Amino acid sequence: KTKMRKENVKLRSIRKEVEIKLLEDERLQRGKEQKKQENILYNLQKAQNEQDESIKNSVRTLNTFQRENEKKFNTEMQQISQRTQKSKTARDVSTSKIDSRREKEIKMSTWRESVTKTARSRSDHSTHRTEYKAKDYENKKGIVKLNIKTIRSLPQECVAKSKSIYIQMQIGLKEKKSKTLKASSIVDVNEQFEIEFDPKETQDKELFIEVWIKNGEREEENEFVAGVAVLFFDYLNFPQKLDLKLIGDDDEATDSFSGEISMDIVYQPEK
């Protein structure tokens, strides 16, 4: 009996150890399962957070892109508006310049017609005209030679401000210009010029001598002062000293003048 009791005690002890072992294994297994579930939940939460952050970044990027596009659009629209305004202003300025140039051309054309009539009248009443057969020379080339000595009695505004002036000589489309001078009561020019007359290029027999104020490098900026027309055929092979009144574009109507010019002139036809 004693032996049987010992055996029973031993069996109960073994059974107890087995039960404890099983319970411990079960606890460890539950712990592993719980840890696994916690890891899964953690990874799911992490993935969700990353997805949320990605969505937020996408939304921020989209908003930034939209703002930048809106800013770019507004900038481009402003630039287009500015270019349109500049273009309109440029067109207005260009139109104004064209109108001003056209008005100046019309005024100069009218002035040249007027001084040409005066030159023809002066030629008809001249006492120093040489007798020549014009038809013998009208179809031949020639050279008008000038020695411009002085200009006097220019408009007071021009003289008082010592404006820069120059003299322009023109037959048809051919031009010659003097050096730039300072306006004064008496301007010493002392400059010689030769201008070709070619009947194949022009039938004009008038030499226009004009005084201009130089306001800039471009011709349209310059301002006409006064001038005179000369029928150069009157001085065919006949050098002559001339003292002529310079007529402004408004002088004909008031029978006044805007200066005087002294020069030597001769026209030499081609032999």
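This is a predicted model: local features need pLDDT of at least 70, side-chain atom pairs count only at pLDDT 80 or more; totals for chains, interfaces and linings use all residues.

Student: How many helices and strands does the protein have, and in what pattern do they follow one another?

Tutor: There are three helices and nine strands, and along the sequence they follow the pattern α-β-α-β-β-β-β-β-β-β-α-β. Of the 271 residues in the protein, 28% are buried.

Student: How do you know that strand 1 and strand 5 pair?

Tutor: Two strands pair if at least two bridges are found between them, and strand 1 (residues 142-152) and strand 5 (residues 186-197) have 10, in the antiparallel sense.

Student: What makes E210 a buried residue?

Tutor: E210, whose place is in strand 6 (residues 206-213), has a relative accessibility of 0%; the cut-off for buried is under 20%, so E210 counts as buried. Not counting residues up to four places away in sequence, E210 touches several others, including M108, Y166, Q168 and G227.

Student: Which side chains make polar contacts with the side chain of E210, and why are they called that?

Tutor: The side chain of R112 lies at 2.7 Å in its contact with E210, and the side chain of W212 is joined to that of E210 by a contact of 3.0 Å. A polar contact needs a pair of N or O atoms within 3.5 Å, one able to donate a hydrogen and the other to accept it, and both pairs are listed as polar contacts.

Student: What makes the pair of W111 and F208 tilted?

Tutor: By the rule for ring pairs, the count comes to nine aromatic pairs. W111 and F208 form one that is 6.4 Å centre to centre, with 45 degrees between the planes. Centres must lie within 6.5 Å, and planes under 30 degrees apart would count as stacked and over 60 as edge-to-face, so the rest, this pair included, count as tilted. The pair links distant parts of the chain, with W111 in helix 1 (residues 2-124) and F208 in strand 6, 97 residues apart. Both residues are buried, and together with W212 and F224 they form one aromatic cluster.

Student: How do you know that the charged end of R112 sits over the ring of F208?

Tutor: The charged end of R112 is 5.3 Å from the centre of the ring of F208, where the rule asks for within 6 Å and also within 35 degrees of the ring normal. The charged end of K245 likewise sits over the ring of F257, 5.2 Å from its centre.

Student: Which residues touch the most other members of the largest nonpolar core?

Tutor: This core has 37 residues, and those that touch the most other members are I148, I151, L154, I165, M169, L207 and I209. Strand 5 supplies the largest share, five residues. Apart from this core lies another, of 11 residues, among them V115, Y166, A229 and L231. As a general matter, nonpolar side chains in soluble globular proteins tend to be buried together.

Student: Why is S153 called partly exposed?

Tutor: S153 has a relative accessibility of 37%, and partly exposed is the range between under 20% for buried and over 50% for exposed, so S153 counts as partly exposed. The residue is placed in the loop between strand 1 and helix 2, and its phi is positive, about 55 degrees, although S153 is not a glycine. N237, in the loop between strand 7 and strand 8, also has a positive phi, near 50 degrees, in a residue other than glycine.

Note on methods:
Residues are numbered from 1 along each chain as its sequence is written. Side-chain values use heavy atoms; hydrogens and water are left out. Helices (H or I, at least four residues) and strands (E, at least two) are DSSP runs, numbered from the N terminus. Buried means under 20% relative accessible area, exposed over 50%, partly exposed in between (1.4 Å probe, protein chains only). Contact means heavy atoms within 4.5 Å. Rings of Phe, Tyr and Trp (its six-membered ring) pair if their centres lie within 6.5 Å; planes under 30 degrees apart count as stacked, over 60 as edge-to-face and the rest as tilted. A nonpolar core is a set of buried Ala, Val, Leu, Ile, Met, Phe, Trp, Tyr and Cys residues joined through side-chain atoms within 4.5 Å.
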